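Me: Hi! Could you walk me through the sheet in this structure?

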Amino acid sequence: MPKDGYYTSGEFAGMANVSVRTIRFYDKKNILKPSRVSESGIRYYTDSDFARLQQILLLKYLGFSLDDIREMTINDMDWHYMLNSLKLQQKLIQDKIEQLQLMEHAVQDTAAALENEHEIDWSQMLELIRLTGMEKSLKSQYQNASNISARIRLHSLYSQNPQGWFPWVMEQCGLHDGMKVLELGSGNGNLWTENRDRIPEDIEIVISDISEGMLRDARREIGGDDGRFRFEIVDAHKIPFPEDSFDLVIANHMLFYCDDISQVCREVRRVLRESGVFVCSTYSSRHMKEISELVQGFDSRVTLSADKLYEKFGLENGRTYLEPYFREVEMRLYEDRLLVDRPEPLVEYVLSCHGNQNQYLLERFKDFRNYVEQKTSRVFSITKEAGVFVGIV
């Protein structure tokens, strides 16, 4: 007989108000496995399984496929992970509400025009099609935000430098009253939310990203009513501002994602004023190397990144990209390392990477977690070798 706190498939399904068939289907698809299976084959679930079921049902309701869900949820009840997951789900719901409100207004406007003019306004019809197509971008945005959050969390929990990465980067920027600032690839705006007290009152800051979803997150986190900030969708290869527009341009861990780094540098140089400053961050080939070694020790087939981003723009080669466009280029290193003593944040980080890890690790998640737990039992040390280049016009 099972211990107290275990539920049969029927009891579990009844409490969750879903069918037993649904629970069995999720089991078959390796999305929600039972916590225990008896010798006779009876499946039992626990209270912790409700947390995973909650994620599955919400993501399914929001339009994610079962394949998406399988890669976006893991069977772990660490409260930090659950809190992080709930916050990301809240953001996705807010985005969904915003999308539906925009669609409602677009439908009303299209219907009103048709009723009054007795002909179709094709520009409004195209807007409706665009809004309907936002579904895919919302899914991608959720996954990107989840991955970024997992990586930031590992650093915030275990970095040994008490200053923190974002305050240190802000220190390199030298903000002062009267400046005009452009951040390229701002993501969710962490650079600014973690440095609110250090931002001058008399300053103009353009927060930009190529992703509409990321920009929406940044506006929400920073606050759209703060008059110091503007939010613009910007492709760094073609910055939509005239020459001599800014005193400072920031690109935090962003240049190595660009197709043509030299073109981005030309554009940054063009929009900077005389004596303007470009602060761009990156890392070296040794950065976080122990994590790759850890995963390779568990399964040699796993590659955490298909692209070696430091080879595109890293501490070793970044100067060669910048020197043709800036009269002075200085490299500044951020001294730090990670000392990890718990498996959950490290596992979450690994699953957030851009490689093939989910293909091999999700099937053996419990084994992998136990493996990481052994590695962190005596504190797992991770090299950090990151910094910024400061280019002066």
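Predicted model: local features only at pLDDT ≥ 70, side-chain atom pairs only at ≥ 80, totals over all residues.

Me: Thanks! What order do the seven strands of the open sheet have?
Reply: The order is S6-S5-S4-S7-S8-S10-S9, with mixed pairing. Strands (E, at least two residues) and helices (H or I, at least four) are DSSP runs numbered from the N terminus, and two strands pair if DSSP finds at least two bridges between them.

Me: And which strands stand at the edges?
Reply: Strand S6 (229-233) and strand S9 (328-340); each has a single partner strand, so one side of each lacks a neighbour in the sheet.

Me: Do S7 and S8 run parallel or antiparallel?
Reply: Parallel: five bridges join S7 (residues 246-251) to S8 (residues 272-283). Leu-248 stands opposite Val-277 in S8, and Ile-250 has Val-279 as its bridge partner there.

Me: What about S8 and S10?
Reply: Those run antiparallel, joined by seven bridges, with S10 covering residues 380-392. Val-277 has Ile-392 as its bridge partner in S10.

Me: Switching topic: which unit do S7, H11 and S8 make?
Reply: A right-handed β-α-β unit; right-handed means that, with the strands pointing away from the viewer, the path from the first strand over the helix to the second runs clockwise.

Technical notes: Residues numbered from 1 in each chain as written. Heavy atoms only, no water.
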